[in-house]
Amino acid sequence: MSTVVDTPQLGAYPGEGDAPIAGRARTAALISLLLASTMELIDTTIVNVSLPSIEADLGATGSQLQWMVAAYPLAFAVALITGSRLGDAFGRKRLFVGGLVAFIAMSAACGLAPNPETLVAFRALQGLGAAAMIPQVMSNIQVMYAPEERAKAMGAFTGLAGIATVAGPVLGAVLTEADIAGSGWRAIFLVNVPVGFLALYAALRFIPESRSSARPNLDPLGVLTLAGGLLAVLYPLTMGREQGWPAWVFALVVVGGLLLTRFVVSQRRAEASGREPLVALSLYKERSFAGGSSVLMLLFVSMGAYFLAQTIYLQAGLGWSVLKAGLTGIPFAVTTAAMAGFGVVVLAPKIGRKVLQIGALVLAAGAVVLVVTVQFATPDTTFWMFIPGFVVAGAGFGLMVAPIGMFTVADVPVEHAGSASGLFNTTGQLANAIGVAVLGSVFFEIAERSTSRLPDEIFAPAFQVTLGLVAVLMLVACVASRALPAVAPEEPIEIH
C-alpha cells in the first residue's frame, strides 16, 4: 500500500520526519524512475541510425522519415508542462505509472507498425506517454529523499542521463544489425517492452504517492492551441516539398501563425489577471533567460538536423552498414561527455559565458572540418577520416549543452524556478523537432534536385549545406551568448 504525501510545492520535502520509504524499497523505486528516464532519453535519438532500414522496409518517403524523428519530441514538448501539472494535481505516482504504461504500449506499437503513417502516429503517442511520465521522475526523487540525501540520487540521475543521451545511436545500430529473431529495426522499439515492465513492477510496488496541495491550472485549451499552431506550421513546411509547394501549404502556415499568436496573447492575459499561465512569458523579460533560450534553440535546431543528415549521408550516401554508421558516433559521444563535464566544472566558473561562445565556435569549426571531409569522401573512405570532424564537433556541443542551463536561469527568481525549468526543457524539445522538420527539408530538397545517379554525389552536397547551416547558426549563437551573465552563478537553479 502506497503512502500518499501532500507537498505544498514542487520539490518540497514532505515533512520533518523520515522519508515515506527508505532502504531497499527506496532504491528499487529509484531504479524504476531511472529506467524510465533512460528509455525516454534513448528513444529521442535511437531512431536516427535506423532510418535507412525503416525506409527500405516500409517504403517511407523523406518527409515521413523526418516525421518519424520529429513527431516524438514535438508531442513530448507540447505536453511536457501539462504532464507536470497533472502529476501535481492527481498524483505523481499515478501519472508516472500511466505514462509508463502508455510509453510501453506505444513502443510495442512502433515496433509492430505496418506502414510509415502508423509509425509516425505511434511515435507521437509515445511522446505523449513520455510527457506524462518524465516530469514525475524528478518530483518523486525530491519526495523520496530528504534535501541532505538527494545528492547521490541526483548524481545517479544526471550521470545516467548523460550516458543515455549519447548511447541512443550506438544502441540503435547494434539492435538493428543484430536482427534479433528477424526483427531488424523493430528491435529498437520492442526492447522498451521488457525494460518497461521491469520499471512498471518496481513503480507499482515501491514508489510512494504524492501530490501538491495547491491545485495547478491545466489550461487544456492552451495546450490544444499551441499544439495546433506548431503542427500547422511544421507539417506544411515538411510535406510541402513532396507536394510541389501548393497553395494550401502557405495557407496552413498562416493559420499556424495565427494560432500561435492567439496562444501568446492568451498566456499574457492569464499572467496579467493573476492566473497561472501554461507558459510564463514574463520570464523572457529577463535578459539572461531570453538570451539563453535563443542559444538553446539555435543549438538544438542545428543538432536535430545534423544527426538526421549525417545518418542518411553515411548509410544512403556512402553505403555504410547501420552498425558502422552507428559506431562512427562514438568519438562524438565520448568527446561530448568529456567536454560537458570540463565545461561545467572547470571552464564556466573561470571564464563565465565565454565557455558557450568558445563551444559555439568549436562546433562551427567541427562542421567546417566535416564539410571538407565530405568533399573528399567516397564509399571507400575509412572511418578514421571522419574522426577529426566528429571529435571537434562533439567538443563544441559538450561545451555548450551542459553549461547553457545554469546561465539561462541565472537571473530567474527562485519562485519561478519550476516554470523556468519546464520551459527550458520544452524549448530544447521543440527546437529538435523544428530542426528535423525545417532543415531536414532543405537536406532532402537538395538531394532530390541532384542530377547524379551516384548515391555519394546525391547526398554529399545536401549534407554539406546542412553542415554549413549548422556553422552559421553557431556563429549566431556565439553572438546571442553575449546576452547571458558574464560570470557563472555560484548557486545555479537546477535544470531537470
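Author: Angles over 145 degrees between helix axes, taken between N-to-C directions, count as roughly antiparallel, and this cut-off is applied here to a predicted model.

Reader: What makes α4 and α5 roughly antiparallel to each other?

Author: The axes of helix α4 (residues 92-111) and helix α5 (residues 116-133) cross at roughly 160° and come within 7 Å. Since angles over 145 degrees count as roughly antiparallel, the two helices are therefore given that description. The crossing of α4 past α5 is left-handed.

Reader: Why is T225 called buried?

Author: T225, which lies in helix α10 (residues 220-243), has a relative accessible area of 9%, and because buried means under 20%, T225 is classed as buried. Leaving aside residues up to four places away in sequence, T225 touches L259, R262 and F263.

Reader: How do you know that the side chain of T225 makes a polar contact with the backbone oxygen of L221?

Author: A polar atom of the T225 side chain lies 2.8 Å from the backbone oxygen of L221, and the cut-off for a polar contact between N or O atoms is 3.5 Å.

Reader: What makes D179 partly exposed, whereas A181 counts as exposed?

Author: The relative accessible area of D179 is 38%, which falls between the limits of 20% and 50% and therefore means partly exposed. For A181 the relative accessibility is 84%, and because exposed means over 50%, A181 is placed in that class. D179 is found in the loop between α7 (150-178) and α8 (187-190), and A181 lies in the loop between α7 and α8. Phi is positive in D179, near 50°, and in A181, near 55°, each being a residue other than glycine.

Reader: How do you know that helix α6 is mostly covered?

Author: In helix α6 (residues 135-144), 10 of its 10 residues are buried, among them P135, V137, I141 and M144, where buried means under 20% relative accessible area.

Methods
Residues are numbered from 1 along each chain as its sequence is written. This is a predicted model: local features need pLDDT of at least 70, side-chain atom pairs count only at pLDDT 80 or more; totals for chains, interfaces and linings use all residues. Side-chain values use heavy atoms; hydrogens and water are left out. Helices (H or I, at least four residues) and strands (E, at least two) are DSSP runs, numbered from the N terminus. Buried means under 20% relative accessible area, exposed over 50%, partly exposed in between (1.4 Å probe, protein chains only). A polar contact is a pair of N or O atoms within 3.5 Å; within protein, one must be able to donate a hydrogen and the other to accept it, and residues adjacent in sequence count only if both atoms are side-chain atoms. Contact means heavy atoms within 4.5 Å. Axes are lines fitted to C-alpha atoms, for helices over the stretch in contact, and angles run from 0 to 180 degrees between N-to-C directions. Angles under 35 degrees count as roughly parallel, over 145 as roughly antiparallel, 65 to 115 as roughly perpendicular and the rest as oblique. A crossing is left-handed if the near helix is turned anticlockwise from the far one by less than a right angle, and right-handed if clockwise.
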